[in-house]
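Please look over the chain below.

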Amino acid sequence: MIRDFARKWMFCLVVLLVPLLAAGAAAGEHDDLSITPITRPDGGKWRIGYLEGGPYSQYPATLVATVKGLADLGWLAPMDFPENIDPENSGELWTHLVQNVESEYIEFAPDAFWTGNWDEDPPREALREEVLEHLQRGDIDLMIAMGTWAGQDLATADVSTPTVVLSSSDPLGSGIVASEDDSGFDHLHARLDPTRYLRQVRLFNDIIGFRKLGIVYEDSVTGRTYAALADVQKVAEERGFEVVPCTTRLDVHSGEAFRNLLACHEELAPAVDAMYLTENNGMQLTRFPELLAPFFEYDVPTFSMAGSDEVRHGVLLSIAQAGFKYVGDFHAKTIAKILGGASPRTLTQVFEAPPKIAINLKTAERIGFDPPVDILLAADEIYEDIETAAPAQ
């Protein structure tokens, strides 16, 4: 299945590393801006708020990494995070931050956490109006907009509160920012990795050599953006493989999203020879045994768009994340610069985390894939078992 692997692997490394070097140079453009902790001009603490479209496992992990990054910069004391916090419940995490952060400089506002529960309750537009009304009071100094929905809702001239968009699949494609170099609003900043999904799909194809790649997405502008469909189709045209889609409703509450996603997995598994698992509301770690079962039944290799946390729970391959550390550090420095007086719009948005492979050997064994030595040598995260996430209590 893997032909001329050495040639392909060298090509893969070039694809991954060249953009990284460019991003590293770009990231250094504003290194002269201060990240030294300071209080508000009146001596008080900076108050931070949070908005998300709904629960998703990537959100708490990204928030934790950002908080750890702020601790490394001295903005708050190092802190522990209880293992029993629901990995898909940002509200529990926010409450923990409100109650336990020790800092002279910042506080996580107890009255400034909002989740849309994926439009289930309250409706998205009503929640947006509630957030905007609160921000007009002027008692929040910086907003964390977690994910695409939140980023879109705060990317408006109606907002002047400095806003940092985290964990958005494609801020440019989803209309949050105007361009890679300009967010379009003085108050707004969003991290971009313009070639992230191109690199992922090329890497997956280099390793597996598939001819039919499955993908699930909601057939809407937002849904196609979440799934990086344009990038997948671009690589398919380059490499000559077929994209086999299944479209369904995913921007719905978690239970319905899971059922819709599972139905697509069951439909695609016997029809493809590889599967690109995208970020969506149905990808719930606690339901991975069910979501991945069709691919184990038909020996289909899988690649996670989201990262190595999903590899730990049974996906075959992804890009290792080092616990979201690199992304968290980038967001922490951005927040520090903004609180230090920098305009969000002037800060570099493009940042690409170091390219590193994550692989699950138990999954490889179950689908009959024998990873070449080159893959194992290049992997930074190797999982020998499949972890099962416990349901929330």
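The text runs from the whole chain to the details.

This is a predicted model, in which local features need pLDDT of at least 70, side-chain atom pairs count only at pLDDT 80 or more, and totals for chains, interfaces and linings use all residues. Residues are numbered from 1 along each chain as its sequence is written, and side-chain values use heavy atoms, with hydrogens and water left out.

**Overall build**

The chain has 14 helices and 12 strands. These are DSSP runs numbered from the N terminus: helices are H or I with at least four residues, strands are E with at least two. The chain's radius of gyration is 21 Å, which agrees with the value near 21 Å for a compact globule of 393 residues. That radius is taken over C-alpha atoms, and the globule rule is 2.2 Å times the number of residues to the power 0.38. Along the principal axes, the C-alpha atoms fill a box of roughly 65 × 45 × 35 Å.

Of the 393 residues, 57% count as buried, meaning under 20% relative accessible area with a 1.4 Å probe, protein chains only. Among contacts with a separation of 6 or more, 72% link residues 24 or more positions apart. Contact means heavy atoms within 4.5 Å.

**Two helix pairs**

Two packed helices are described by the angle between their axes and the distance between the axes. Axes are lines fitted to C-alpha atoms, for helices over the stretch in contact; angles run from 0 to 180 degrees between N-to-C directions.

| Helices | Angle | Axis distance |
|---|---|---|
| H6 (residues 196-208) and H8 (residues 229-239) | about 40° | 9 Å |
| H9 (residues 254-268) and H10 (residues 288-297) | roughly 5° | within 9 Å |

H6 is therefore oblique to H8, and H9 is roughly parallel to H10. Angles under 35 degrees count as roughly parallel, over 145 as roughly antiparallel, 65 to 115 as roughly perpendicular and the rest as oblique.

On the H6 side, the contact includes Tyr197, Leu198 and Val201; on the H8 side, Val232 and Val235 are among the residues. By class, the H6 contact with H8 has 5 nonpolar, 1 polar and 6 charged residues. Ala, Val, Leu, Ile, Met, Phe, Trp, Tyr, Cys and Pro count as nonpolar, Asp, Glu, Lys and Arg as charged, and the others, Gly among them, as polar.

In the other pair, Phe258, Leu261, Leu262, His265 and Glu266 of H9 meet Glu290, Leu291, Pro294 and Phe295 of H10. The classes here are 6 nonpolar, 1 polar and 2 charged.

**Phe81**

Phe81 lies in the loop between H2 (58-72) and H3 (90-100). Leaving aside neighbours within four places in sequence, Phe81 contacts Val64, Val67, Lys68, Leu93, His96 and Leu97.

Methods: Buried means under 20% relative accessible area, exposed over 50%, partly exposed in between (1.4 Å probe, protein chains only).
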